[in-house]
Amino acid sequence: MSCLWISDVRMQALVVILCLFSLSLVAAQARYSIPEEQAEGSVVGNIARDLGLAVERLISGKARIITKGSQQYVNLNRDKGTLVIKERIDREELCGKTTPCSFSFEVILENPIQLYRVTVEVIDVNDNSPTFAKDEINLKIVENAAAATRFSLVSADDPDVGINDIQKYILKPLDHFKLEVQNQPGGGTFIEMVLHNPLDREKEETHTLVLVASDGGEPRRSGTVRIHVTVLDANDNAPVCSQAVYKAEVRENSPEGTVITTVSANDADKGVNGDVTFSIPHVGKEAKLLFEVNNKTGEIKVAGKLDFEKSKTYQLNVQASDHGGYTDTCKVIIQVIDENDNVPTVQLMSFSNSISEDSPPGTTIAVVNVDDEDSEGNGLVRCSINTDVPFKIESSLTGYYTIVSDNILDREGVTDYNITVTVTDQGSPPLSSRKDLNVKVSDINDNPPQFAESEYIMNVPENNSPGFSVFTVNAKDADWGQNAQISYFLEEKEINGVPVSTLVSINSESGVIHAVKSFDYEQIKWFEFNVTARDAGSPPLSSVATVKIMIQDQNDNPPQVLYPIQTGGSVVAEMVPRSADVGYLVTKVVAVDVDSGQNAWLSYKLQKATDRALFEVGLQNGEIRTIRQVTDKDAVKQRLTVIVEDNGQPSRSATVIVNVAVADSFPEVLSEFTDSPHDKEYNDMLTFYLVLALAVVSFLFITCLVVIISVKIYRWRQSRILYHSNLPVIPYYPPRYSDTLGTGTLQHVYNYEVCRTTDSRKSDCKFGSDASQNVLIMDPSSTGTMQRIQSDKNILAQPNSPVEQKPPNNDWRFTQGQRPGPSGPHMPYGTQIRWTTKNGTRATGGPEVAMGTGPWPQPPTEAEQLQALMAAANEVSEATATLGPGTMGLSTRYSPQFTLQHVPDYRQNVYIPGSTATLTSNPQQQQAMAQQATQQALPPPQASAQAEPPKAAQTPASKKKSTKKEKK
């Protein structure tokens, strides 16, 4: 196999010219030669290498073979870039006797589109043997046939061509005959058997010869036919054809029986030997099916369907024979005239059914191949498309046309185009065919949404319900698909200081605008905002429309009367003198309506009147005038009820009462209007509220009284328990302890200590009245107890009460750091209780003793101890009652495990928490006590020099307490 490239200069120039019109199409031609009868899969040639293409280009370009006919002999292996045999190729079947034998096809590639024409020549092999039409030939020859008489023989047929065709004929034996072979100009051979030795029927009546036809192929093939010669009696004259050569023309597609021409022959003999018959003994299979000859008349007629495209000329050898065996042969050349009987065909090689609307002019959408099997003018075609589309058709290669865009496309104008490709030949009449193509224009996002109006004005009644659908904005997008999907948005904006989203909302899909809240015309009469419509293209396009909402007033506000003013307590009356004439202006009712338009148009009517015949109200101005002369019979007190109505639908109204006094002086008016029913109603309401308040106060008083009695009983029961106890009283309060009767909380921590001995109840100290009823609740976890001091006057009145006090046990003495509670150095606040003797003086230490920092004072008597303890209890009760509810906090240094060995000295100071008062009997006692404290001071002189802490000023409560003590 070999690859032949076009080398002819003119052919190359033609290829170059065609390439200039190809628009991204590259054309080339390759030629291969292969022997016939190759096995399937045999390689024809490397098309990729021969065309200068890479294998990757064949794969990416989806290279494929396009054939004109329905049969394809060659396949393309894109992976290897080779052409291989698809099926067995029979040259004789493909081309017959035509040489050279070849077939062509096109290789097409896409992206970009490239076309290559490939021609494959099929080389003949000697695969067919020569054959004769008959196995035997019977000849009748008169015995007196002259030497050199010729007898034509049927030639053999070999489908092969060239050297593989019949090369020679051999006749055996050669006793009487010899063989002459003549090659005809139009192809084929003419065989004649020539008599060179006379025949003698009497010697040999029949002769048998063998004619051998052999070709020149390898291996050599041959075919034989037997010739039987019968020797007849003498027939002196042979038929003679009128013309040696006949030429005739016949149109293709002529019906059967059409006479093409008539041959004739003359025989000089008479009778039977002069009768001539015609036959076509030496003709091929195809011609024998297409033509027939009348053996009597010599007419040659059409016997089959003639096709100019298959064969343009036919040659027939018509033999004229007489009964004596003489023959003559003439040639009949039949020329088939082409008819325009083949419709041009259109084959779509490549087609893109969609094109983007932004494609530039010149974009290829289709490649078509046109063909017409007719010849000459009948085979010339003209290809065109309809002119109402923005496309044009251009010729690229012979028989190939490309359809390209010729203008800018706009999908919004035309969504698709129907292209009709029409192919017309130049025959008579011309034949044509057409192919319809539908090309869709794909969309790009080149059109923004468009509102029907740039500004929308919509009236909305006030008092609408939230969620009320105001109206719908609608935008259209000329694009398609996703590019036409529109979403709606509100532009951020403040209206009267609030975002527009608090007033209205919009559905992003439907564009329905809803009212977020109820509108009030009196607050806002109109507002406007912008709505943006945005499509879903890439990039998205948008447009803006302005929406103006006009709030329509509704009659939702009744008229408001400005004058006369309606007061609840007093009666305002207009005075009309009895001398007033007709039309006297009594007063004018002034009213307004906050609505607008006709909803604010007010009309005044007199609804009720003491005397309707005396007054009238102006319908529009509200003026109250007299309609007749005032007389003495008219009542002094005139009550007019004026109704003010607006013009809304439905209308709203307000009523005002106008009191008119028909009098000449004020005393007359006063006497009539003193007993006002309004005052009576007001007094009744006041009485009701007073009774209700009294009932509530009484209920609260009884409730408090019951609670107080219950608390007193509870405290009395607790005091009885403490009275029978023999343990010393050691009250301990946790930090910020709450009193049972208190509701507040003190801001600081206070400590309170009261200490006494077990037999201190027998002291001759005088007790005050039971002023302290407070029960201090101790910590339940504490082991200490507190005994309540009872004012037992019988015990104090006993004459045998002890008057001497024993000195304290040494176990009761603590160092200054060991003293708990208010005795220690950390006492934040305190009130001193000084021991008072019978002569009215108090024993106290110096400043150090008062502050809890000095040594122990002289031990007082038992009577002094009891007196001091009772005074302290009394002062605690009164001070607590004076200060109000509160909380007394005790030192946290006391623990639940506190025992009697930790009891502080009872002569130490006693402090009243929450009070700044000093608990003493009277000012004289304080002075005497101070002098005695100076004399009995034990600390060294430098200790006495320390400044005494300032005493708190007496409050009114403390002064009151001092007065009570003096009385006691």
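Serine 395 stands opposite tyrosine 401 in strand 30, where strands are DSSP runs of E of at least two residues, numbered from the N terminus, and helices are runs of H or I of at least four residues. The model is predicted, so that local features need pLDDT of at least 70 and side-chain atom pairs count only at pLDDT 80 or more, whereas totals for chains, interfaces and linings use all residues. Residues are numbered from 1 along each chain as its sequence is written, and side-chain values use heavy atoms, with hydrogens and water left out.

Strand 30 (residues 400-405) runs antiparallel to strand 29, to which it is joined by 5 bridges; two strands are taken to pair if DSSP finds at least two bridges between them. Both belong to an open sheet of 4 strands in the order 25-27-30-29, with antiparallel pairing. Strand 25 (345-351) and strand 29 (391-395) are the edge strands, each pairing on one side only. On average, neighbouring strands of this sheet are turned by 25 degrees against each other, direction ignored; axes are lines fitted to C-alpha atoms, for helices over the stretch in contact, and angles run from 0 to 180 degrees between N-to-C directions.

An open sheet of 3 strands has the order 35-41-40, and its pairing is antiparallel. Its edges are formed by strand 35 (469-472) and strand 40 (504-506), each of which pairs on one side only. Strand 40 is joined by 3 bridges to the antiparallel strand 41 (residues 512-515), in which histidine 514 is the bridge partner of serine 505.

Strand 13 (residues 189-195) is largely enclosed by the rest of the structure, because 6 of its 7 residues are buried. Buried denotes under 20% relative accessible area, exposed over 50%, and partly exposed the range in between (1.4 Å probe, protein chains only). Strand 10 (residues 150-153) runs antiparallel to strand 13 and is joined to it by 4 bridges, with arginine 150 opposite valine 194. Strand 12 (residues 177-183) is also antiparallel to strand 13, through 7 bridges, and here glutamate 180 stands opposite glutamate 192.

The structure holds 1 disulfide, defined as a pair of cysteine sulfur atoms within 2.5 Å. This disulfide joins cysteine 95 to cysteine 101, with an S to S distance of 1.8 Å. The torsion about the S-S bond of cysteine 95 and cysteine 101 is about 70 degrees, and the disulfide is therefore right-handed. Cysteine 95 and cysteine 101 are both buried. For cysteine 241, the closest cysteine sulfur is that of cysteine 330, at 3.7 Å, too far for a bond. Cysteine 241 counts as buried at 10% relative accessibility, whereas cysteine 704 is partly exposed, with a relative accessible area of 46%.

A nonpolar surface patch is formed by Met685, Phe688, Tyr689, Leu692, Val696, Phe699 and Leu700, with about 740 Å² of accessible area together. Patches comprise residues with over 30% relative accessible area and no salt bridge, like charges being joined within 9 Å and nonpolar side chains (Val, Leu, Ile, Met, Phe, Trp, Tyr) within 5 Å. Accessible areas come from the Shrake-Rupley method with a 1.4 Å probe, and for residues only the protein chains shown count as cover. A salt bridge is a side-chain nitrogen of Lys or Arg within 4 Å of a carboxyl oxygen of Asp or Glu. Leucine 692 is found in helix 8 (residues 677-723) and is partly exposed, with a relative accessible area of 44%.
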